[in-house]
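Student: I would like to learn how to read aromatic pairs and accessibility in a protein model. Could you take me through them slowly?

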Amino acid sequence: MKLGAFTLQNRPWPELVESWRTLDELGLDSIWVADHLANPLRPEAPWFDGWTGLPALASVTRRARVGALVSSMTLRNPAVLAKAAVTLDHISEGRAELALGAGGSPRDEELAGAPAHSFEDFVEKTVELLADTALQPGPVQERIPLTIGGHSEKALHLAVRHADRWNSYGGKGLQPEEALRRGREHNERLTGLCEESGRDPLTLERSILLGHPFVAETPWRSEEAFLEVVERWSGAGFDELIVYYPPETGMPAGSVVTGVFERAVALVREG
């Protein structure tokens with residue numbers, strides 16, 4: 001099971017930089033920022049832009065894959081986003097990830113306006129531009145891995161057609177049992193779509209973002225609680241868990257025991 005971390009840009013910049021440095025040193029497989037103009041839950045709170053900060057954050061890491069989960073159709077022009085992703089790939093020496101999503105934050109749409117394109121057009125134009133060899137330089141990697149986020153039938157079809165990874169946030173305000181049921185259903189649908197299109201289902205990674213306000217998992221109570229979470233989601237067909245950092249983010253009082261996050265990362269690294 002891969003383990004990634006999701007950091008919100010709602011803290012002082014030095015703290016965010018230190019978080020990324022720490023997560024990289026711990027050995028996380030991936031580190032992500034959000035892509036909003038304002039905090040969707042607390043619009044009045046301070047908030048840094050994700051893509052502007054990514055190059056600086058990537059520069060303090062050496063190992064982890066880096067990206068924005070997910071780059072929002074509401075905010076990003078496909079051509080500018082494709083160029084930014086390639087630039088990030090050079091800055092990170094080949095560790096960039098590109099994740100695309102339909103957005104949907106009311107505050108983002110209020111500030112930026114409704115997107116001028118459909119999600120399908122957004123994805124396909126971005127994929128086309130990334131493959132355009134006339135745009136130089138190309139990425140350091142042979143190609144930048146693409147993630148499609150979302151639960152709609154359209155998002156699932158796009159993931160099967162274009163993505164290396166499909167990402168889910170489970171749903172809003174769900175208890176673990178309900179989220180797990182939905183996750184398993186989505187995975188089964190993805191597998192079916194892969195088979196219908198002639199794609200090997202094993203070539204499409206399945207990733208879940210866990211934590212409040214989405215899925216109410218509390219994995220930081222103990223190492224045993226974390227391993228139970230890993231076992232459940234692995235059993236539902238997921239290859240990767242992405243968790244909020246710091247581990248206290250959005251967690252109920254008393255559900256985070258000091259040191260469990262670090263020991264859990266070590267358990268994953270040990271296999």
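Student: Is Tyr 169 buried, partly exposed or exposed?

Tutor: This is a predicted model, in which local features need pLDDT of at least 70 and side-chain atom pairs count only at pLDDT 80 or more, while totals for chains, interfaces and linings use all residues. Residues are numbered from 1 along each chain as its sequence is written, and side-chain values use heavy atoms, with hydrogens and water left out. Buried means under 20% relative accessible area, exposed over 50%, and partly exposed in between (1.4 Å probe, protein chains only). Tyr 169 has a relative accessible area of 32%, so this residue is partly exposed.

Student: How many aromatic pairs does the structure hold?

Tutor: Rings of Phe, Tyr and Trp (its six-membered ring) pair if their centres lie within 6.5 Å, and planes under 30 degrees apart count as stacked, over 60 as edge-to-face and the rest as tilted. The structure holds 9 such pairs. One of them joins Trp 13 and Phe 48, which is edge-to-face because the planes stand at 80 degrees, with the ring centres 5.7 Å apart.

Student: Where in the chain do Trp 13 and Phe 48 lie?

Tutor: Helices (H or I, at least four residues) and strands (E, at least two) are DSSP runs, numbered from the N terminus. Trp 13 is in helix 1 (residues 13-26), whereas Phe 48 is in the loop between strand 2 (30-33) and helix 2 (50-58), 35 residues apart. Phe 48, at 36% relative accessibility, counts as partly exposed.

Student: Which residues do ring pairs link into a cluster?

Tutor: The cluster consists of Trp 220, Phe 226, Tyr 245 and Phe 261, linked by ring pairs.
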